Amino acid sequence: MMEENIPLKPTETELEILQVLWQNGPSTVRFVNEAQNKTKETGYTTTLKLLQIMHEKNLVRRDEESRSHVYQAAVTEEETQQHLLGRFLDTTFRGSAMKLVMQALGNHTTTPEELDQIRTLLNQLEKGGHQ
């Protein structure tokens, strides 16, 4: 896990912005703002301020070459998920992956396809491999 690369836990809104950047690549403030407005009304200056804060937190990089600053995620989706899941696992399930999985499977209808993917992952883990 690369926790050093994620200095602070991103807020829910920061994660929404990171999702936009992960899905669309480097984007202008206007593009990010328009994407946010699809789910909730967000002012342009609010999006700009959030991106500036995220830049200070090293969650995004800013390209200042063009007139419109372009932002891109400075952390990958996978390492962010690993970091947040690790923190969640430690704080909510006292570090027990089994408790987390049992809770998730108990509260969710699992499809046969999902069960097959879980079996494949378990087989890979037993053989000493990673995802």
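Analyst: Before we start, one definition: helix axes here are lines fitted to C-alpha atoms over the stretch in contact, and angles run from 0 to 180 degrees between N-to-C directions. Also, this is a predicted model.

User: Thanks! So how do the axes of H1 and H4 cross?

Analyst: Helix H1 covers residues 12-24 and helix H4 covers residues 77-93; their axes come within 11 Å and cross at roughly 150°. Angles over 145 count as roughly antiparallel, and H1 and H4 are therefore roughly antiparallel to each other.

User: Which residues make that contact?

Analyst: From H1 there are Leu-15, Gln-19 and Trp-22, and from H4 there are Glu-77, Thr-80 and Leu-84. Sorted by class, the contact has 3 nonpolar, 2 polar and 1 charged residues.

User: Okay, on to the core. How many residues does the largest nonpolar core have?

Analyst: That core has 15 residues, and Ile-17, Leu-18 and Leu-21 are among those with the most contacts inside it. H1, H2, H3 and strand E3 (70-73) each give two or more residues to this core.

User: Which one gives the most?

Analyst: That's H1, with 5 residues.

User: And what is Leu-51 in contact with?

Analyst: Leaving aside neighbours within four places in sequence, Leu-51 is in contact with Ile-17, Val-29, Val-32, Val-60 and Tyr-71. Leu-51 is also one of the residues with the most contacts inside the core.

User: Switching topic: where is Lys-38, and is Lys-38 buried or exposed?

Analyst: Lys-38 sits in the loop between helix H2 (29-36) and helix H3 (44-56). Its relative accessibility is 72%, so Lys-38 counts as exposed.

User: How far apart are Lys-38 and Asn-58?

Analyst: They are 20 residues apart in sequence, and 26 Å apart in space from C-alpha to C-alpha.

Notes
Residues numbered from 1 in each chain as written. Predicted model: local features only at pLDDT ≥ 70, side-chain atom pairs only at ≥ 80, totals over all residues. Heavy atoms only, no water. Helix = DSSP H or I, 4+ residues; strand = E, 2+ residues; numbered from the N terminus. Parallel < 35°, antiparallel > 145°, perpendicular 65-115°, else oblique. Contact = heavy atoms within 4.5 Å. Nonpolar A, V, L, I, M, F, W, Y, C, P; charged D, E, K, R; others polar. Buried < 20%, exposed > 50% of the residue type's maximum accessible area, 1.4 Å probe, protein only. Core = buried A, V, L, I, M, F, W, Y, C linked by side-chain atoms within 4.5 Å.
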